[in-house]
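This report describes selected features of one protein structure, as computed from its atoms. The sequence and the structure are shown below.

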Amino acid sequence: MKNQYVGDVNDYRKYGLIRALIGDQDIKVGVCWMLTSPDGRTDGDFLNYLHSPDSWEHYDPNLYGTLHEIIKTKKDRNIKRIEQSNILFDTEFYSDILSDDAVSRSLYFRNLFAQLNGVDLIFCDPDNGFEVKSTPLGRKNSSKYLYWAELKEIYSLGYSVLVYQHFAHEARDSFIERLSKRIKTETASKLVYSFRTSHVVFFLAAQERHGAYFKQRIPLVSKQWDNQITVGKQ
C-alpha cells in the first residue's frame with residue numbers, strides 16, 4: 001500500500017469488502033498496510049467514481065461519504081485518515097513502513113504479530129500481491145509482495161488471512177484458480193475464497209473455526225456489492 005492510492009476506486013471496494021466481512025463486528029480485524037514509500041506514479045488516480053454518486057454511492061453510502069470527504073474536502077491521501085475515520089470500526093492497524101531489506105522485514109513481521117495479537121483476521125495489503133519468481137525476498141521491490149512463507153506463518157499462528165492481489169498478465173479465471181490452489185497448499189485451509197473486481201482480486205484463507213461465520217457473511221458481500229465484487233470458492 002502507498003498513501004498515493006488512498007481513496008481510489010480499488011480502495012473503495014477494498015474497505016467495502018472488509019466492512020461487509022466485519023458485519024456487526026463479530027470478528028476482530030487487523031490491517032497490515034505493508035506501507036511503502038511513494039514512487040511518483042499516477043496509477044492511484046482512479047477517482048472518477050467520486051464524481052458519480054448516482055452510480056457508486058449506493059454500494060456503501062457511509063464509506064462513500066467518508067472517502068469523498070478525505071479526497072475532495074480534506075485533500076489528504078494518507079492511511080492515517082482511514083485509521084482515524086472509524087470506517088473500519090474497531091479494526092487495529094499496523095502502519096510501519098516496509099523496506100526491501102530481509103532482516104528489517106523479519107523484524108517487521110515480529111512487531112506485526114505483537115501489535116495485532118488478539119485479532120481474528122489479518123488483512124495484508126501489499127502493493128502488488130503475492131511473491132513472483134523475478135523478485136526474491138530481500139531484492140529491490142520485494143517490499144511490494146507478500147511471500148508464501150509469510151502467508152504460511154500468519155495462518156499457522158491461528159489467523160484467517162485476507163490478501164490484496166493485482167491481476168497478472170494471464171487469463172483471470174486461471175490466475176485466480178492457480179493462486180487459490182497455492183494458498184490452499186501453503187495454509188492447508190479448506191476454506192479459500194476469492195473476491196474478484198475489475199482491477200484486483202482479494203483472497204481469503206479462513207480458519208476452520210471462522211468457517212461458519214464467513215459462510216454467513218460472504219453471500220452478503222455479493223448482495224451488497226452486486227457487479228463490483230464477484231465471490232468464488234476453491
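Predicted model: local features only at pLDDT ≥ 70, side-chain atom pairs only at ≥ 80, totals over all residues.

## Cysteines

Across the whole structure, a search finds 0 disulfides. A disulfide would require the two sulfur atoms to lie within 2.5 Å.

## Salt bridges

The count of salt bridges comes to 13. One of them joins Asp11 to Lys14, with the closest N and O atoms 2.8 Å apart. Both residues belong to helix α1, where a separation of 3 residues places them about one turn of the helix apart. Asp11 has a relative accessibility of 2% and so counts as buried; Lys14, at 2%, is buried as well. A second salt bridge links Asp60 with Arg19, the closest N and O atoms being 2.7 Å apart. This pair connects distant parts of the chain, since Asp60 lies in the loop between α2 (53–56) and α3 (61–73) while Arg19 lies in helix α1, 41 residues apart. Asp60 is buried, with a relative accessible area of 6%, and Arg19 is buried at 13%.

A further salt bridge is formed by Glu177 and Lys181, whose closest N and O atoms are 3.2 Å apart. These two residues lie in helix α7 (residues 172–187), 4 residues apart, or about one turn of the helix. Glu177 has a relative accessibility of 39% and therefore counts as partly exposed. Lys181, at 42%, is also partly exposed. Elsewhere, salt bridges with shared partners join Asp11, Lys14 and Asp125 into one network.

## Strand β7 and its partners

Strand β7 (residues 191–196) has 5 of its 6 residues buried, so the strand is largely enclosed by the rest of the structure. Strand β8 (residues 200–206) runs antiparallel to β7, and 6 bridges join the two.

Tyr193 illustrates both pairings: its bridge partner in β8 is Leu204, and in β9 it stands opposite Lys233.

## Nonpolar cores

The largest nonpolar core contains 48 residues, and those with the most contacts inside it are Tyr12, Tyr15, Trp33, Leu162, Phe195, Leu204 and Phe214. Helix α1 contributes the largest share of this core, 8 residues. Another core lies apart from it, with 30 residues that include Tyr94, Val119, Ile154 and Val201.

Which residues does Phe214 touch, if those up to four places away in sequence are not counted? Its contacts are Leu21, Ile27, Leu121, Ser160, Leu204, Ala206 and Pro219.

Asn10 lies in helix α1 (residues 9–22). With a relative accessibility of 6%, Asn10 counts as buried. Its side chain makes a polar contact of 3.5 Å with the side chain of His199. Leaving aside neighbours within four places in sequence, Asn10 is in contact with Phe46, Tyr164, His199 and Val200.

Phe93 is located in strand β2 (residues 92–94). Is Phe93 buried or exposed? Its relative accessibility is 14%, so Phe93 counts as buried, the cut-off being under 20%. Residues up to four places away in sequence not being counted, Phe93 touches Val31, Trp33, Glu83, Leu88, Gln115 and Leu116. Between Phe93 and Ile82, 11 residues apart in sequence, the C-alpha to C-alpha distance is 9.9 Å.

Conventions. Residues numbered from 1 in each chain as written. Heavy atoms only, no water. Buried < 20%, exposed > 50% of the residue type's maximum accessible area, 1.4 Å probe, protein only. Pairing = 2+ DSSP bridges. Polar contact = N/O pair within 3.5 Å; in protein donor to acceptor, adjacent residues only side chain to side chain. Contact = heavy atoms within 4.5 Å. Core = buried A, V, L, I, M, F, W, Y, C linked by side-chain atoms within 4.5 Å. Salt bridge = Lys/Arg side-chain N within 4 Å of Asp/Glu carboxyl O.
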